[in-house]
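Subject: A structure for you to look at

Hi,

Here is the structure I said I would pass on.

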Amino acid sequence: KLFLKDKSSKWVKTASGTLLCCRTERKQRLKLQRENGSVFFDLEVGKMKSLAKVRKETEKGKVAYAKFSTAIDTERGMEFFLLQVKPELLDELFSAMT
């Protein structure tokens with residue numbers, strides 16, 4: 001699940017799908033893909049700022065997020081995102097991204 005911090009500083013779920021970590025010789029990318037295979041979120045890892053791990057305990061159990069900021073659209077400027085992943089995969093995701 002991908003969350004975006006809106007102008008009122010609330011986290012809003014924007015999308016969900018399959019997370020793909022892609023690496024070429026020069027770049028690493030994170031992509032979210034719909035069930036039909038179309039990619040709706042594609043971001044170069046090198047453009048992410050203030051990357052951090054967030055772990056929380058909720059009534060439903062443990063949750064984990066990769067928190068980052070990036071400027072996807074130059075007119076909108078810097079935006080903040082939370083990418084929810086399974087708690088046991090958070091460290092693996094960070095290893096792939098760094």
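Let's start with Thr70, which sits in strand β7 (strands are DSSP runs of E with at least two residues, helices are runs of H or I with at least four, and both are numbered from the N terminus). Thr70 counts as buried because its relative accessibility is 1%; buried means under 20% relative accessible area, exposed means over 50%, and partly exposed is in between, with a 1.4 Å probe and protein chains only. Leaving out residues up to four places away in sequence, Thr70 touches Leu43, Lys47, Met48, Gly77, Met78, Glu79 and Phe81, where a contact means heavy atoms within 4.5 Å.

Before you go further: this is a predicted model, where local features need pLDDT of at least 70 and side-chain atom pairs count only at pLDDT 80 or more, while totals for chains, interfaces and linings use all residues. Residues are numbered from 1 along each chain as its sequence is written, and side-chain values use heavy atoms, with hydrogens and water left out.

Now the inside. In soluble globular proteins, nonpolar side chains tend to be buried together. A nonpolar core here is a set of buried Ala, Val, Leu, Ile, Met, Phe, Trp, Tyr and Cys residues joined through side-chain atoms within 4.5 Å. The largest one has 18 residues, and Leu30, Phe41, Met48, Phe68, Leu83 and Leu93 have the most contacts inside it. Two or more residues each come from β1 (2–5), β4 (28–33), β5 (39–44), β7 (61–70), β8 (79–85) and α1 (90–97). The largest share, four residues, is from α1. There is also a second, separate core of five residues, including Phe3, Val63, Tyr65 and Leu82.

So which residues of α1 are buried? They are Leu90, Leu93, Phe94 and Met97. These four lie on the same side of α1, because they cover an arc of only 95 degrees around the axis (the arc is that of the directions from the helix axis to the C-beta atoms). An α-helix has 3.6 residues a turn, so residues three or four places apart point the same way. Glu92 and Ser95, on the other side of α1, are exposed. The buried residues of α1 pack against β3 (18–23), β4, β6 (49–58), β7 and β8. Take Leu93: setting aside neighbours within four places in sequence, Leu93 is in contact with Leu19, Cys21, Leu30, Ala66, Leu83 and Val85.

You'll find Cys21 in strand β3, and Cys21 is partly exposed, with a relative accessible area of 43%. Apart from neighbours within four places in sequence, Cys21 is in contact with Arg29, Leu30, Leu93 and Ala96. The C-alpha atoms of Cys21 and Leu32 are 9.0 Å apart, with the two residues 11 places apart along the chain.

Finally, two backbone angles. Ser9 has a positive phi of about 65 degrees although it is not a glycine, and Ser9 belongs to the loop between β1 and β2 (11–15). Ser50, also not a glycine, has a positive phi near 45 degrees. Ser50 is in strand β6 and is exposed, with a relative accessible area of 52%.

Cheers
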